[in-house]
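My notes follow in the order in which I looked things up.

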Amino acid sequence: MKVIEYPEREEWKNILTRPAMDVEKLRNTVSTVLNKIRTEGDAAVKEYELAFDKVLLNTLAVSKEEMQEAEMLVDEKLKSAIELAHENISCFHAAQRFEGKQIEVQPGVTCWQKAVAIEKVGLYIPGGTAPLFSTVLMLATPAKIAGCKEIVLCTPPNKEGKVNPAILMAAKVAGVSKIFKAGGVQAIGAMAYGTESVPKVYKIFGPGNQYVVAAKQAVSLKDVAIDMPAGPSEVEVLADAKSNPVFVAADLLSQAEHGIDSQVLLLTTSKEIIPMVQDEVEKQLNLLPRKEIAAKSLENSKIVLLRDEKEMMEMSNEYAPEHLIISTENYMELADKVVNAGSVFLGRFSCESAGDYASGTNHTLPTNGYAKAYSGVSLDSFIRKITFQCLTEEGIRKIGPAVETMAANEQLDAHKNAMTVRLNSL
């Protein structure tokens with residue numbers, strides 16, 4: 001990790017730049033795949049599964065027999081862990097239920113909202129270098145609580161044409177049965193346009209690499225809604241002289257192992273802790289099975305020494321991390337100063353892994369600085385709020401003249417007339 005000491009403000013933009021790919025090349029590839037999925041359906045999905053995932057599929061749908069087989073392959077310890085996580089995720093998200101209130105804004109003018117579930121949603125579950133069965137719980141659980149009628153799940157199979165059994169087990173626990181073997185851009189296209197096998201959905205959820213992000217953004221222009229532009233994972237840790245360097249190093253590596261395009265960032269006010277964290281990163285890195293991936297990710301990562309906590313929080317809010325771990329002694333004080341972040345972990349014992357799996361909060365979060373404008377997935381992500389209003393005779397007497405005046409001044413006479421004919425009828 002590159003160490004940067006006391007940077008000036010004009011250097012911040014360069015320091016906080018995320019890793020990037022050749023965007024034009026990315027768009028061309030994504031556009032080609034999506035166009036073929038749109039016109040050729042299942043055949044194109046299977047063709048790209050052979051090209052990208054190296055598997056020849058006869059059918060895309062996961063069968064009941066495969067679901068049963070997967071359950072036999074998952075050991076009891078993992079089943080129990082999945083069930084515990086599901087319980088906590090359900091508890092947290094169920095508490096977010098919307099309760100609309102009828103408000104009489106004027107005598108005879110009543111307004112309210114009703115929460116309605118999105119009828120058809122698509123869940124994308126990455127399965128490449130790390131099959132993210134936890135993401136099934138994070139997306140399917142609030143979808144079920146919201147009351148979505150149709151939940152479609154797409155995930156890439158292995159070279160034998162099998163879906164990771166833990167993904168299927170998590171889907172069963174969360175109540176999802178429509179599961180298809182499709183990864184990457186082809187999965188996004190299948191859910192956006194619909195194929196002979198994969199139903200078209202109204203909104204697509206789920207993280208992925210930059211190809212998946214680009215595909216989601218492309219289909220969202222006119223075909224389907226998306227949750228957010230969630231791409232390669234990232235974490236930012238804030239540390240001071242009393243932070244535990246073993247914990248800090250472990251937190252940095254927990255995200256670095258996601259993928260070579262992941263980024264980790266350590267902001268600190270303590271010069272002394274930097275070499276301790278570096279030593280720990282090296283020690284722990286050498287013990288990781290995904291050492292090569294994490295090491296490559298660390299090449300894009302930085303340790304920044306700042307003058308004080310004020311400057312540290314200002315840089316953090318400018319970066320807008322997906323995951324923010326405040327590992328300082330006064331973490332609650334700094335928590336109040338967080339403006340831009342996807343999910344925040346407070347204190348030395350709140351590792352990001354807890355939120356990834358079982359604390360109950362959602363781990364599908366905005367990356368690449370989008371936390372400045374987007375929230376992470378929540379129950380609200382799976383519902384729409386429809387507004388209602390009801391006016392009585394008394395109501396139009398109260399607001400009718402104002403409506404006529406405003407419409408007239410916008411030169412929209414038909415708008416004015418719609419109110420005028422009602423006022424004249426009284």
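Predicted model: local features only at pLDDT ≥ 70, side-chain atom pairs only at ≥ 80, totals over all residues.

Entry one, a pair of strands. I began with Val 235, whose bridge partner in strand E10 is Val 264. These residues belong to strand E9 (residues 234-239) and E10, which pair in the parallel sense over six bridges; two strands pair if DSSP finds at least two bridges between them. Helices (H or I, at least four residues) and strands (E, at least two) are DSSP runs, numbered from the N terminus.

Residues are numbered from 1 along each chain as its sequence is written, and side-chain values use heavy atoms, with hydrogens and water left out.

How many of the residues of strand E10 (residues 263-268) are buried? I found that six of its six residues are buried, where buried means under 20% relative accessible area, exposed over 50% and partly exposed in between (1.4 Å probe, protein chains only). Gln 263, Leu 265 and Leu 267 point one way from E10, whereas Val 264, Leu 266 and Thr 268 point the other way. E10 also pairs in the parallel sense with strand E11 (residues 302-305), over four bridges, and there Leu 265 has Lys 302 as its bridge partner.

I traced five strands that form an open sheet in the order E6-E5-E4-E7-E8, with parallel pairing. Its edge strands, each pairing on one side only, are strand E6 (178-181) and strand E8 (225-226). Strand E4 (residues 120-124) and strand E7 (residues 203-205) pair over three bridges, and in E7 the bridge partner of Gly 122 is Ile 204.

I located Lys 200 in the loop between helix H8 (184-193) and E7. Is Lys 200 buried or partly exposed? Lys 200 is partly exposed, because its relative accessible area is 35%. Leaving out residues up to four places away in sequence, I listed what Lys 200 touches (contact means heavy atoms within 4.5 Å): Lys 120, Met 191, Ala 192, Tyr 193, Gly 194 and Asp 223.

Lys 54, in the loop between helix H3 (42-52) and helix H4 (64-73), has a phi near 60 degrees, a positive value in a residue other than glycine. Lys 54 counts as exposed because its relative accessible area is 51%. Asn 368 likewise is not a glycine and has a positive phi, of about 55 degrees; Asn 368 lies in the loop between helix H15 (352-357) and strand E14 (383-391). With a relative accessible area of 45%, Asn 368 is partly exposed.
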